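Reader: I am new to reading protein models. Could we work through one together, question by question?

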Amino acid sequence: MQVGNARYLRPQDLPETLSVFPLTGVLLLPGSQLPLNIFEPRYLSMFDDALAGNRLIGMIQPSFGEIREEPGQAHVQALCQVGCVGRITSFAEMEDGRYIVSLTGICRFRLFDEVPLAKKGYRCFKIAPFATDLTGPDDEAQVDRDALLAAFKAYLDANKLEADWESVERASNLTLVNSMAMMSPYGPAEKQALLEAPDLKTRAETLIAITEIVLARSFGDIETMLQ
(Lines give C-alpha, C1' and ligand atoms only; values in the text may rest on other atoms or scores of the structure.)
Protein backbone atom coordinates (compact mmCIF):
# COMPACT_ATOMS: atom_id res chain seq x y z
CA MET A 1 0.00 0.00 0.00
CA GLN A 2 1.26 3.45 -0.93
CA VAL A 3 0.51 6.15 1.66
CA GLY A 4 2.05 9.55 1.05
CA ASN A 5 5.66 8.95 0.11
CA ALA A 6 5.92 5.64 1.97
CA ARG A 7 5.09 2.10 0.87
CA TYR A 8 3.90 -0.63 3.20
CA LEU A 9 3.94 -4.00 1.46
CA ARG A 10 4.78 -6.44 4.30
CA PRO A 11 4.21 -6.53 8.07
CA GLN A 12 7.94 -5.96 8.42
CA ASP A 13 7.47 -2.50 6.89
CA LEU A 14 5.62 -1.48 10.05
CA PRO A 15 7.12 -1.01 13.51
CA GLU A 16 6.94 -3.68 16.20
CA THR A 17 5.68 -1.10 18.70
CA LEU A 18 3.21 1.69 18.13
CA SER A 19 1.81 4.60 20.12
CA VAL A 20 -1.98 4.48 20.27
CA PHE A 21 -4.66 7.17 20.31
CA PRO A 22 -7.85 5.86 22.00
CA LEU A 23 -11.06 7.52 20.84
CA THR A 24 -14.53 6.15 21.50
CA GLY A 25 -16.73 5.80 18.42
CA VAL A 26 -13.98 6.81 15.98
CA LEU A 27 -13.14 4.47 13.12
CA LEU A 28 -10.16 4.45 10.75
CA LEU A 29 -10.01 1.89 7.93
CA PRO A 30 -7.18 0.99 5.52
CA GLY A 31 -7.00 3.39 2.59
CA SER A 32 -9.35 5.92 4.20
CA GLN A 33 -8.64 9.32 5.75
CA LEU A 34 -9.54 10.51 9.23
CA PRO A 35 -9.32 14.20 10.27
CA LEU A 36 -8.36 14.83 13.90
CA ASN A 37 -8.27 17.86 16.18
CA ILE A 38 -5.49 17.31 18.75
CA PHE A 39 -5.40 19.48 21.87
CA GLU A 40 -4.67 17.32 24.94
CA PRO A 41 -0.99 17.77 26.00
CA ARG A 42 -0.09 14.07 26.10
CA TYR A 43 -1.45 13.53 22.59
CA LEU A 44 0.25 16.68 21.29
CA SER A 45 3.44 15.06 22.60
CA MET A 46 2.54 11.78 20.91
CA PHE A 47 2.06 13.47 17.54
CA ASP A 48 5.30 15.44 18.00
CA ASP A 49 7.13 12.15 18.49
CA ALA A 50 5.39 10.55 15.51
CA LEU A 51 6.23 13.49 13.24
CA ALA A 52 9.85 13.28 14.33
CA GLY A 53 9.87 9.53 13.60
CA ASN A 54 7.87 7.26 11.31
CA ARG A 55 4.65 9.38 11.28
CA LEU A 56 2.59 6.37 12.40
CA ILE A 57 -0.17 6.36 15.02
CA GLY A 58 -2.49 3.55 16.09
CA MET A 59 -6.18 4.50 16.24
CA ILE A 60 -8.13 2.31 18.65
CA GLN A 61 -11.26 2.40 20.77
CA PRO A 62 -11.36 2.01 24.55
CA SER A 63 -13.08 -1.19 25.63
CA PHE A 64 -16.73 -0.68 26.27
CA GLY A 65 -16.87 0.29 29.95
CA GLU A 66 -13.98 -1.91 31.06
CA ILE A 67 -11.39 -0.46 33.46
CA ARG A 68 -8.51 -2.47 34.86
CA GLU A 69 -6.10 -1.98 37.74
CA GLU A 70 -2.37 -1.88 36.96
CA PRO A 71 0.43 -1.98 39.58
CA GLY A 72 1.14 1.62 40.49
CA GLN A 73 -1.59 2.89 38.14
CA ALA A 74 -5.20 3.21 39.21
CA HIS A 75 -8.06 2.99 36.77
CA VAL A 76 -6.22 2.33 33.50
CA GLN A 77 -8.68 2.20 30.61
CA ALA A 78 -8.67 -1.14 28.84
CA LEU A 79 -8.56 -0.99 25.04
CA CYS A 80 -10.17 -2.99 22.26
CA GLN A 81 -7.81 -5.57 20.83
CA VAL A 82 -8.00 -4.45 17.19
CA GLY A 83 -7.18 -0.99 15.81
CA CYS A 84 -5.83 0.56 12.61
CA VAL A 85 -2.40 2.00 11.85
CA GLY A 86 -2.57 5.48 10.36
CA ARG A 87 0.11 7.64 8.76
CA ILE A 88 0.07 11.40 9.30
CA THR A 89 -0.44 12.72 5.76
CA SER A 90 -1.36 16.32 6.55
CA PHE A 91 -0.55 18.54 9.50
CA ALA A 92 -1.27 22.09 10.60
CA GLU A 93 -0.44 23.85 13.86
CA MET A 94 -3.00 26.37 15.10
CA GLU A 95 -2.25 29.62 16.92
CA ASP A 96 -3.87 28.24 20.08
CA GLY A 97 -1.52 25.22 20.10
CA ARG A 98 -3.90 22.65 18.61
CA TYR A 99 -2.89 20.34 15.79
CA ILE A 100 -5.22 19.67 12.87
CA VAL A 101 -4.04 16.45 11.27
CA SER A 102 -5.24 13.85 8.81
CA LEU A 103 -4.41 10.17 9.16
CA THR A 104 -4.51 7.78 6.22
CA GLY A 105 -5.24 4.19 7.20
CA ILE A 106 -2.62 1.56 6.34
CA CYS A 107 -3.70 -1.70 7.95
CA ARG A 108 -5.39 -3.08 11.01
CA PHE A 109 -3.41 -4.43 13.94
CA ARG A 110 -3.89 -6.53 17.06
CA LEU A 111 -2.59 -5.34 20.42
CA PHE A 112 -0.12 -7.33 22.47
CA ASP A 113 1.99 -6.24 25.45
CA GLU A 114 2.07 -2.63 26.57
CA VAL A 115 5.48 -0.93 26.46
CA PRO A 116 6.18 1.44 29.36
CA LEU A 117 7.05 5.01 28.29
CA ALA A 118 8.61 7.08 31.05
CA LYS A 119 6.92 10.49 31.49
CA LYS A 120 5.33 10.42 28.04
CA GLY A 121 1.71 10.33 29.17
CA TYR A 122 0.46 8.41 26.14
CA ARG A 123 0.53 4.63 25.67
CA CYS A 124 2.52 2.35 23.39
CA PHE A 125 2.02 -1.34 22.57
CA LYS A 126 3.62 -4.18 20.70
CA ILE A 127 1.41 -4.93 17.71
CA ALA A 128 0.76 -7.58 15.07
CA PRO A 129 -0.32 -6.05 11.72
CA PHE A 130 -3.00 -7.73 9.62
CA ALA A 131 -0.91 -8.88 6.65
CA THR A 132 -4.00 -9.39 4.46
CA ASP A 133 -4.70 -5.64 4.56
CA LEU A 134 -1.35 -5.08 2.84
CA THR A 135 -1.37 -7.98 0.39
CA GLY A 136 -4.95 -9.25 0.23
CA PRO A 137 -6.79 -9.54 -3.13
CA ASP A 138 -9.15 -6.87 -4.38
CA ASP A 139 -12.64 -8.13 -3.46
CA GLU A 140 -14.67 -5.08 -4.50
CA ALA A 141 -16.65 -7.13 -7.01
CA GLN A 142 -18.02 -9.27 -4.16
CA VAL A 143 -19.86 -6.30 -2.59
CA ASP A 144 -23.64 -6.22 -3.12
CA ARG A 145 -23.67 -2.57 -4.15
CA ASP A 146 -27.42 -2.46 -4.80
CA ALA A 147 -28.25 -3.74 -1.32
CA LEU A 148 -25.78 -1.32 0.26
CA LEU A 149 -27.24 1.67 -1.59
CA ALA A 150 -30.80 0.57 -0.78
CA ALA A 151 -29.99 0.47 2.94
CA PHE A 152 -28.21 3.82 2.71
CA LYS A 153 -31.13 5.46 0.91
CA ALA A 154 -33.63 4.01 3.40
CA TYR A 155 -31.62 5.44 6.29
CA LEU A 156 -31.42 8.87 4.64
CA ASP A 157 -35.13 8.89 3.83
CA ALA A 158 -36.10 7.82 7.34
CA ASN A 159 -34.02 10.59 8.86
CA LYS A 160 -34.92 13.21 6.22
CA LEU A 161 -31.30 13.55 5.09
CA GLU A 162 -29.81 14.25 1.66
CA ALA A 163 -26.76 12.87 -0.15
CA ASP A 164 -24.68 13.86 -3.16
CA TRP A 165 -25.85 10.95 -5.30
CA GLU A 166 -23.59 11.87 -8.23
CA SER A 167 -20.56 11.42 -5.99
CA VAL A 168 -22.02 8.23 -4.52
CA GLU A 169 -22.53 6.73 -7.97
CA ARG A 170 -18.96 7.58 -9.01
CA ALA A 171 -17.39 6.06 -5.88
CA SER A 172 -15.75 2.64 -6.04
CA ASN A 173 -17.14 -0.12 -3.84
CA LEU A 174 -14.08 0.17 -1.59
CA THR A 175 -14.52 3.91 -1.12
CA LEU A 176 -18.27 3.57 -0.70
CA VAL A 177 -18.17 0.85 1.96
CA ASN A 178 -15.33 2.33 3.98
CA SER A 179 -16.65 5.90 3.81
CA MET A 180 -20.12 4.81 4.90
CA ALA A 181 -18.66 2.72 7.72
CA MET A 182 -16.49 5.57 9.03
CA MET A 183 -19.20 8.23 8.77
CA SER A 184 -22.02 6.05 10.09
CA PRO A 185 -23.72 7.38 13.25
CA TYR A 186 -23.65 4.02 15.01
CA GLY A 187 -22.19 3.25 18.43
CA PRO A 188 -18.74 2.03 19.48
CA ALA A 189 -19.65 -1.68 19.40
CA GLU A 190 -21.03 -1.37 15.86
CA LYS A 191 -17.96 0.60 14.74
CA GLN A 192 -15.71 -2.11 16.18
CA ALA A 193 -17.66 -4.81 14.34
CA LEU A 194 -17.15 -2.91 11.09
CA LEU A 195 -13.42 -2.59 11.78
CA GLU A 196 -13.01 -6.28 12.59
CA ALA A 197 -14.95 -7.56 9.56
CA PRO A 198 -12.50 -9.89 7.79
CA ASP A 199 -12.98 -8.47 4.29
CA LEU A 200 -14.76 -5.75 2.33
CA LYS A 201 -17.72 -7.97 1.42
CA THR A 202 -18.32 -8.85 5.08
CA ARG A 203 -17.92 -5.21 6.11
CA ALA A 204 -20.59 -4.21 3.59
CA GLU A 205 -22.91 -6.98 4.81
CA THR A 206 -22.31 -5.93 8.43
CA LEU A 207 -23.09 -2.31 7.59
CA ILE A 208 -26.31 -3.31 5.82
CA ALA A 209 -27.36 -5.52 8.75
CA ILE A 210 -26.68 -2.80 11.34
CA THR A 211 -28.60 -0.26 9.27
CA GLU A 212 -31.57 -2.58 8.87
CA ILE A 213 -31.64 -3.30 12.62
CA VAL A 214 -31.56 0.42 13.45
CA LEU A 215 -34.32 1.18 10.95
CA ALA A 216 -36.49 -1.69 12.17
CA ARG A 217 -36.15 -0.59 15.79
CA SER A 218 -36.89 3.04 15.00
CA PHE A 219 -39.40 2.88 12.16
CA GLY A 220 -40.75 -0.66 11.98
CA ASP A 221 -41.59 -1.49 8.35
CA ILE A 222 -38.09 -2.13 7.03
CA GLU A 223 -39.25 -4.18 3.99
CA THR A 224 -41.22 -1.27 2.57
CA MET A 225 -38.38 1.16 3.20
CA LEU A 226 -35.91 -0.98 1.25
CA GLN A 227 -38.13 -1.31 -1.81
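Reader: Is Cys-84 buried or exposed, and what is its relative accessible area?

Author: This is a predicted model, and the answer rests on values computed from it. A residue counts as buried when its relative accessible area is under 20%. Cys-84 falls under that cut-off and is therefore buried, with a relative accessible area of 1%.

Reader: Is Cys-80 buried or exposed?

Author: The limit for a buried residue is again under 20% relative accessible area. Cys-80 has 8% relative accessibility, so Cys-80 counts as buried.

Reader: What share of the residues of the protein chain counts as buried?

Author: The chain has 227 residues. Its accessible surface comes to about 12300 Å², with 52% of that belonging to carbon and sulfur atoms. The share of residues that count as buried is 43%.

Reader: How many helices and strands are in the protein chain, and what percentage of its contacts with a separation of 6 or more joins residues 24 or more positions apart?

Author: The chain contains eight helices and 10 strands. Among contacts with a separation of 6 or more, those between residues 24 or more positions apart account for 66%.

Reader: Which element gives the most residues to the lining of the largest cavity?

Author: Rolling a probe the size of a water molecule over the atoms shows where empty space is left. The search finds one cavity of 30 Å³ or more, and about 70 Å³ of space lies in the largest cavity. Its lining includes Cys-84, Met-59 and Gln-192, and at least two lining residues each come from strand 5 (56-60), strand 8 (82-93) and helix 6 (188-196). The most, three residues, come from strand 8.

Reader: How many charged residues are in the lining of the largest cavity?

Author: By class, eight residues of this lining are nonpolar and three are polar. The number of charged residues is none.

Reader: Which helix supplies the largest share of the lining of the largest pocket?

Author: The largest pocket holds about 570 Å³ of space. It is lined by 30 residues, and those nearest its centre are Leu-176, Asn-178, Ser-179, Met-180 and Met-183. By class, 20 of the lining residues are nonpolar, nine polar and one charged. The largest share, eight residues, is from helix 5.

Reader: Is Ser-32 buried or exposed, and with which residues is Ser-32 in contact beyond its neighbours within four places in sequence?

Author: Ser-32 lies in the loop between strand 3 (17-22) and strand 4. Its relative accessible area is 10%, so Ser-32 is buried. Beyond those sequence neighbours, the residues in contact with Ser-32 are Leu-103, Thr-104, Gly-105, Asn-178 and Met-182.

Reader: What is the phi of Arg-55, and what is the phi of Lys-160?

Author: Most residues other than glycine have a negative phi. Arg-55, in the loop between helix 1 (41-52) and strand 5, and Lys-160, in the loop between helix 3 and helix 4, each have a positive value. Arg-55 is partly exposed, at 36% relative accessible area, whereas Lys-160 is exposed, at 76%. Phi is near 65 degrees for Arg-55 and near 55 degrees for Lys-160.

Reader: What distance separates the C-alpha atoms of Gly-4 and Thr-104?

Author: Gly-4 is placed in the loop between strand 1 (2-3) and strand 2 (6-7). A residue counts as exposed over 50%, so Gly-4, with 58% relative accessibility, is exposed. Gly-4 and Thr-104 are 100 residues apart along the chain, and their C-alpha atoms are separated by 8.5 Å.

Technical notes. Residues numbered from 1 in each chain as written. Predicted model: local features only at pLDDT ≥ 70, side-chain atom pairs only at ≥ 80, totals over all residues. Heavy atoms only, no water. Helix = DSSP H or I, 4+ residues; strand = E, 2+ residues; numbered from the N terminus. Buried < 20%, exposed > 50% of the residue type's maximum accessible area, 1.4 Å probe, protein only. Contact = heavy atoms within 4.5 Å. Areas by Shrake-Rupley, 256 points an atom, 1.4 Å probe, with all protein chains shown as cover. 1 Å grid on protein atoms, 1.4 Å probe; cavity = no way out; pocket = protein on both sides within 12 Å on 5 of 7 lines; lining within 4 Å. Points joined across faces, edges and corners; volume = space filled by probe spheres on them. Nonpolar A, V, L, I, M, F, W, Y, C, P; charged D, E, K, R; others polar.
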